Amino acid sequence: MAKYLGNAMLLKVETTPGLGTYATIGGSSSHTMSLANEQIDTSDKDSNRWKELLAAGDRSLSISMEGFVSDDANFEIFRIAARDDVIVNFTLEYGNADTIIGAFHIDSLEISGARNEGQSFSASLTNSGEPTTLD
């Protein structure tokens, strides 16, 4: 299995809603992807005290990342979507060529900068609907 850099992920935003054209907001300096599958307990008196689960609960995909701004115009789309609390289409391109495409809610956005450093940001995103994985 090939190895790749841990920070090799690009966040891209759909520049015009519905057209499927994506442009880079920034590259990741660190990121975490979490997939959660809710369990539904279907245990009853016939379970002989063993828990029985139904794999039919809610699923969610969360992304937390820190990175540097690559394009001011594209980052502005991202910033306005966070400010206006709207769902936006994103692609997340990983260093192993996996790509996740989907609608995400921007749960949090923090923008920071310091003297002699590039403008950076940290953000948390949660899916809205089923994302598509291309690998």
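**Figure 1. Packing of helix 1 against the strands.** The buried residues of helix 1 pack against strand 1, strand 2, strand 5, strand 6, strand 7 and strand 8. The model is predicted: local features need pLDDT of at least 70 and side-chain atom pairs count only at pLDDT 80 or more, while totals for chains, interfaces and linings use all residues. Residues are numbered from 1 along each chain as its sequence is written, and side-chain values use heavy atoms, with hydrogens and water left out. Helices (H or I, at least four residues) and strands (E, at least two) are DSSP runs, numbered from the N terminus. Contact means heavy atoms within 4.5 Å. Buried means under 20% relative accessible area, exposed over 50%, and partly exposed in between (1.4 Å probe, protein chains only).

Figure 2. Asn74, Phe75, Phe78 and Ala81 are buried in helix 1. Seen down the helix axis, the buried residues fall within an arc of 120°, so they line one face; the arc is that of the directions from the helix axis to the C-beta atoms. The face turned away from the buried side carries the exposed residues Asp72, Ala73 and Arg83. The 13 residues of helix 1 should span 18 Å at 1.5 Å a residue, and the end C-alpha atoms are 18 Å apart, which agrees. The expected span is 1.5 Å times one less than the number of residues. Just after helix 1, aspartate 85 takes a positive phi of about 60°.

**Figure 3. Alanine 81 in helix 1.** Alanine 81 lies in helix 1 and is buried, with a relative accessible area of 5%. Not counting residues up to four places away in sequence, alanine 81 touches Val86, Val88 and Ile106. Proline 17 is 64 residues from alanine 81 along the chain, and their C-alpha atoms are separated by 12 Å.

**Figure 4. The largest nonpolar core.** Of the 21 residues in this core, Leu11, Phe78, Phe90 and Phe121 touch the most other members. Strand 1 (9-14), strand 5 (59-69), helix 1 (72-84), strand 6 (87-94), strand 7 and strand 8 are the elements that give two or more residues to it. A nonpolar core is a set of buried Ala, Val, Leu, Ile, Met, Phe, Trp, Tyr and Cys residues joined through side-chain atoms within 4.5 Å. Leaving aside neighbours within four places in sequence, phenylalanine 90 has contacts that include Leu11, Tyr22, Ile25, Phe78 and Phe104.

Figure 5. Strand 6 and strand 7 pair in the antiparallel sense over seven bridges; two strands pair if DSSP finds at least two bridges between them. Phenylalanine 90 has glycine 102 in strand 7 as its bridge partner. The hairpin of strand 6 and strand 7 has four residues between the strands, and alanine 97 there takes a positive phi near 80°. Strand 7 and strand 8 also pair in the antiparallel sense, over eight bridges, and histidine 105 stands opposite threonine 126 in strand 8.

**Figure 6. Two loop asparagines with positive phi.** Most residues other than glycine have a negative phi. Asparagine 48 has a positive phi of about 55° and sits in the loop between strand 3 (40-41) and strand 4 (53-54). At 60% relative accessibility, asparagine 48 counts as exposed. Asparagine 116 has a positive phi of about 65° and lies in the loop between strand 7 (99-112) and strand 8 (120-127). Asparagine 116 is exposed, with a relative accessible area of 69%.
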